[in-house]
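Welcome, and please open your viewer.

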Amino acid sequence: MSDLTEKKARLTMSLRAQAILSSPVLSAIESIPREIFIEPALKQHAYENASLPIACEQTISQPYIVAKMTEALELTNRYTVLEIGTGSGYQASILSLLARRVYSMERHRPLFVEARNRLAELKLTNVTLRLGDGFSGWPEAAPFDRIIITCQVDKVPDALIQNLKPDGVLIAPIGPPGKEFLTKLIKKGDVIHTEQLISVRFVPMIPGIENA
Ligand code: SAH
């Protein structure tokens, strides 16, 4: 077994030990090569259960958090999912194996371009990426069965609540910066049910687009 394959097997074992019990989620994590989403110098760390730096001062989330958020979405292969914060494209790739179609938005052009190249390399053709501001949502592709926000928000932007189907689920790190909780929202008519899952740290959601 290669060094990375062995590290990957150890990572999925540790995710199981941390109560990630969904086999489809664990299989998706085993299928997607995380090493291609990070810079070559960090390749040896690809299967550590840690967040890592990517371009534009952003981060690729810790595998445990990716697994936890994906599991909380309760995906089926009939669902359409919107992700806010493409970053490296890793989370979008995991989602693409578990949902029918994935839409993902990123505000930094270099990250958007790199993520698009990686998804093409992996031949994940059910993912559509857009350079855009997640605060506006994606009305042309809405409504979505599921929405995942992978940056910290004080509250969920109204446009994203509007983009969610009735009975749809949205997962996001919600709270003041440094005090956010992974939160599950379920849209029941005009009422939004919320459930706090775990304490987490994410880079903030920032309005507008960075073209450089
Ligand atoms: N899901 C990513 C990690 C995301 S880090 C992965 O798997 O690698 C959070 C990302 O959200 C960053 O890339 C950041 O640029 C992006 N972001 C922040 N504010 C945003 C906004 N308003 N619209 C879209 N993306 C945003």
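Start by colouring strand 2, helix 3 (63-72), strand 3, helix 4 and strand 4, each of which supplies at least two residues of the lining of the largest pocket. Helices (H or I, at least four residues) and strands (E, at least two) are DSSP runs, numbered from the N terminus. On a 1 Å grid over the protein atoms alone, a pocket is an open set of points where a 1.4 Å probe fits, with protein on both sides within 12 Å along at least five of seven lines, and lining residues have an atom within 4 Å of a point.

Before moving on, note that this is a predicted model: local features need pLDDT of at least 70, side-chain atom pairs count only at pLDDT 80 or more, and totals for chains, interfaces and linings use all residues. Residues are numbered from 1 along each chain as its sequence is written, and side-chain values use heavy atoms, with hydrogens and water left out.

Which element gives the most to the lining of the largest pocket? Strand 2 does, with three residues. Now select Thr59, Gly85, Thr150, Cys151 and Val203, which lie nearest the centre of the pocket among its 33 lining residues.

## Stop two: the ligand

Show the ligand next: the space it takes is the largest pocket (a molecule sits in a pocket if more than half of its atoms lie within 2 Å of its grid points). Around the ligand are 27 residues, and Ser88, Glu106, Asp133, Gly134 and Ile206 come nearest (near means a heavy atom within 4 Å).

Pick three of these for their polar contacts, pairs of N or O atoms within 3.5 Å:

- Ser88: an N or O atom of its side chain is 2.6 Å from a ligand oxygen.
- Asp133: an N or O atom of its side chain is 2.9 Å from a ligand nitrogen.
- Gly134: a polar backbone atom is 2.8 Å from a ligand nitrogen.

How much of the ligand's accessible area does the protein cover? The protein covers 99% of the 580 Å² that the ligand has on its own (Shrake-Rupley method, 1.4 Å probe).

## Stop three: two loops

Select Pro143, in the loop between strand 5 (127-131) and strand 6 (144-149). The peptide bond from Ala142 to Pro143 is cis, with omega near 5°.

Finish at Lys123, in the loop between helix 5 (109-121) and strand 5. Phi of Lys123 is near 55°, a positive value in a residue other than glycine.

Definitions and conventions: A polar contact is a pair of N or O atoms within 3.5 Å; within protein, one must be able to donate a hydrogen and the other to accept it, and residues adjacent in sequence count only if both atoms are side-chain atoms.
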